[in-house]
Amino acid sequence: MNDNKPCRQELMNRINAASFAVDDVKLFLDTHPCDKDAMEYFEKYQEMRKCALHEYAKYYSPLTIDTVRTDSCENWSWIDEPWPWQEGGC
Amino acid sequence: MWNYEKRLQYPVKISQTNPQMAQVIISQFGGPDGELSASMRYLSQRYTMPYKEVTGILTDIGTEELAHMEMICAIVYQLTRNLTVEQLKESGFDKYYVDHTLALWPQSAGGIPWSATTFQSKGDPITDLHEDMAAEQKARTTYDNILRLVKDPEVADPIRFLREREIVHYQRFGESLRIVQDRLDSKNFYAFNPEFDNRRSGKCCD
């Protein structure tokens, strides 16, 4: 199980990159709502982002309220990890 | 409504404190062309915007500006971590410190408190979108000015990211203005205000 644990920084980079792609194409789609290529691009990165966020919550900590897990932890994990501006934060 | 995501839009990891630099960069938090003003401008303007594409862009850019405000605050916070009294005095940060200690408070580099008078929500899409495009350029100039002062690559890197986003937002607002004008009277864009004069809504499916 532990052998498959993804590297924290690498996973974080994947989340940041996929999320940025989503953020950017989202604005493009607002002003180009009929662009099929942009919609495909959106779908691809949205999926990548979703998977990476779930993986991060599974192995490290939740970054969104939708990926908070209460089954595997004793504590409320949302406040456990450093906040993004703090040392060790995302 | 909004949901918080526990990460920055682009990472900020600064190892060297620099209170002097923090005092300059804080302007993009609470200064006239800062991220707080940007977010409040777009999120205020969107309610009466009659075109769904433009309401979308105001909502999504207004939301992204909140994430930029968080990045700026993270930069200022990390540049002023664990300062000693000597460092405070030497850097001139003592004037900020006396009122706010090391907490974040929205002000300009010159110490002027953040104010809603830094933006307009005029209720006319041509007027508001021109303001929005100008705001993105003003913020871009501010980042250019900051980049001339910054030597530390750990600070310059996230500032460059933010500067780049101003250019993308300017582009999207320009497209929004075109969308609005395409739906107005081509002989006279000012014949009616689609946010007020209901006789011709100019909505997309008319």
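## Reading a two-chain model

Visitor: How do I read solvent accessibility here: does Cys73(B) count as buried or exposed?

Guide: Compare the relative accessible area with a cut-off: under 20% counts as buried, and over 50% as exposed. Cys73(B) has a relative accessible area of 16%, so this residue is buried. Please keep in mind that this is a predicted model.

Visitor: And how should I classify Cys51(A)?

Guide: Values between those two cut-offs count as partly exposed. Cys51(A) has 43% relative accessibility, which means partly exposed.

Visitor: How many disulfides are there over all chains?

Guide: The criterion is a pair of cysteine sulfur atoms within 2.5 Å. Searching the whole structure gives zero disulfides.

Visitor: Let me turn to chain B. What elements make up this chain?

Guide: Chain B has eight helices and zero strands. Its C-alpha trace spans about 65 × 35 × 30 Å along the principal axes, and 50% of its 206 residues count as buried.

Visitor: What share of contacts in chain B joins residues at least 24 apart?

Guide: Taking contacts between residues at least 6 apart in sequence, 76% join residues at least 24 apart.

Visitor: Which residues does Ile25(B) touch?

Guide: Ile25(B) lies in helix α1 (residues 19–25) of chain B. Its relative accessible area is 0%, so Ile25(B) is buried. Leaving out residues up to four places away in sequence, Ile25(B) touches Ile72(B), Ile75(B), Val76(B), Leu79(B), Ile146(B), Val155(B) and Ile159(B). The C-alpha atom of Ile25(B) is separated by 11 Å from that of Glu35(B), 10 residues apart along the chain.

Visitor: Glu35(B) belongs to helix α3 (residues 35–45). How many residues of this helix are buried?

Guide: Nine of the 11 residues of α3(B) are buried, so the helix is mostly covered. Among them are Glu35(B), Leu36(B), Arg41(B), Tyr42(B) and Gln45(B). The buried residues of α3(B) pack against α2 (27–30), α4 (52–79), α7 (125–149) and α8 of chain B.

Visitor: What about a loop residue: where is Lys122(B)?

Guide: Lys122(B) sits in the loop between α6 (94–100) and α7 of chain B. Apart from residues up to four places away in sequence, Lys122(B) touches Thr127(B) and Asp128(B).

Visitor: Now the interface. What area is buried between chain B and chain A?

Guide: The size of an interface is often given as the accessible area lost when the parts come together. Here about 2400 Å² is buried between chain B and chain A, with carbon and sulfur atoms giving 54%. On the side of chain B, Tyr4(B), Lys6(B) and Arg7(B) lose the most area to chain A, together 31% of what that side buries. In residue terms, 29 residues of chain B are in contact with 31 residues of chain A.

Visitor: At what angle do helix α1 of chain A and helix α8 of chain B pack?

Guide: Angles under 35 degrees count as roughly parallel. Helix α1 (residues 8–31) of chain A and helix α8 (residues 153–182) of chain B pack at about 20°, with axes 9 Å apart. Therefore α1(A) and α8(B) are roughly parallel to each other.

Visitor: Which residues of α1(A) meet α8(B)?

Guide: Phe20(A), Asp23(A), Asp24(A), Leu27(A), Phe28(A) and Thr31(A) do, and the residues they meet in α8(B) include Phe161(B), Arg165(B), Val168(B) and Ile179(B).

How values were computed:
Residues numbered from 1 in each chain as written. Chains lettered and ligands numbered in written order. Predicted model: local features only at pLDDT ≥ 70, side-chain atom pairs only at ≥ 80, totals over all residues. Heavy atoms only, no water. Buried < 20%, exposed > 50% of the residue type's maximum accessible area, 1.4 Å probe, protein only. Axes fitted to C-alpha atoms, helices over the stretch in contact; angles between N-to-C directions. Helix = DSSP H or I, 4+ residues; strand = E, 2+ residues; numbered from the N terminus. Parallel < 35°, antiparallel > 145°, perpendicular 65-115°, else oblique. Contact = heavy atoms within 4.5 Å. Buried area = accessible area lost by both parts, 1.4 Å probe.
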